[in-house]
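Try each task before you read its solution.

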Amino acid sequence: GLIETVKSRGGYVKDLHGAENVYYQVNATYYSALGESDARMLLARAIQLFVPGTPQIWYLDLFAGRNDHEAVAAAGPGGHKEINRTDLSTADVEAGLTRDVTERQLELLRFRASFPAFGFDAECHVADPEPGRLRITWTRDDASTTLDADLVHETFEITATRAGSTVTV
């Protein structure tokens, strides 16, 4: 189902040595794979930043880049990887930095990088309190943060507590 969704949104799928249903890679921008929806992009990014590990962010996706079919065509056979390798000019970056979806992702990245509840020595608890919801909580010392994600309505809330004070991020 995931493969069909990405393909229906303009992405490409490379089969492993021509074998059908044995997929080697999916080629699409994150934004296009999510249906070019700012709400889905932000929800997906929040989940990505709350799962354990070091988040890897492709710069084009930070700017909500769309599939680049012209680059694929220009690259010729085997050029499917060019779909998400668009070069951004300085003007593109400057314009992208004014978009809410980019600004919000940067806020989430700053939060993940600086809030003390995250870390290799922190506790992470994942819960699915009801169908269509996901809750991830990180705790370390006097700091904790929770992502409460509504996967059905494509919304989320992040709360952060430190030294007894709670804020919504």
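**Exercise 1.** Are Phe-111 and Phe-118 buried or exposed?

Solution. This is a predicted model. Buried means under 20% relative accessible area. Phe-111 has a relative accessible area of 10%, so Phe-111 is buried. Phe-118 is buried too.

**Exercise 2.** How many aromatic pairs does a search of the whole structure find? Classify the pairs that involve Phe-111.

Solution. The search finds four aromatic pairs. Start with Phe-111 and Phe-115: their centres are 5.0 Å apart, with 25° between the planes. Planes under 30 degrees apart count as stacked. This pair is therefore stacked. Next, take Phe-111 and Phe-118. Their ring centres lie 5.7 Å apart and their planes meet at 85°, so this pair is edge-to-face. The cut-off for that class is over 60 degrees.

**Exercise 3.** Which residues do ring pairs link into a cluster? Then find the charge over the ring of Trp-138.

Solution. The cluster holds Phe-50, Phe-111, Phe-115, Phe-118 and Trp-138. Check Phe-115: its relative accessibility is 13%, so Phe-115 counts as buried. Now turn to Trp-138. The charged end of Arg-112 sits over its ring, 5.5 Å from the centre.

**Exercise 4.** Where does Gln-25 lie, and which side chains does Gln-25 join through polar contacts?

Solution. Gln-25 lies in strand S2, residues 19-27. Its relative accessible area is 18%, so Gln-25 is buried. Another, of 3.0 Å, joins the side chains of Gln-25 and His-80. Beyond its neighbours within four places in sequence, Gln-25 is in contact with residues including Tyr-12, Val-13 and Lys-81.

Terms used: Residues are numbered from 1 along each chain as its sequence is written. This is a predicted model: local features need pLDDT of at least 70, side-chain atom pairs count only at pLDDT 80 or more; totals for chains, interfaces and linings use all residues. Side-chain values use heavy atoms; hydrogens and water are left out. Rings of Phe, Tyr and Trp (its six-membered ring) pair if their centres lie within 6.5 Å; planes under 30 degrees apart count as stacked, over 60 as edge-to-face and the rest as tilted. Buried means under 20% relative accessible area, exposed over 50%, partly exposed in between (1.4 Å probe, protein chains only). A charge sits over a ring if NZ of Lys or CZ of Arg is within 6 Å of the ring centre and within 35 degrees of the ring normal. Helices (H or I, at least four residues) and strands (E, at least two) are DSSP runs, numbered from the N terminus. A polar contact is a pair of N or O atoms within 3.5 Å; within protein, one must be able to donate a hydrogen and the other to accept it, and residues adjacent in sequence count only if both atoms are side-chain atoms. Contact means heavy atoms within 4.5 Å.
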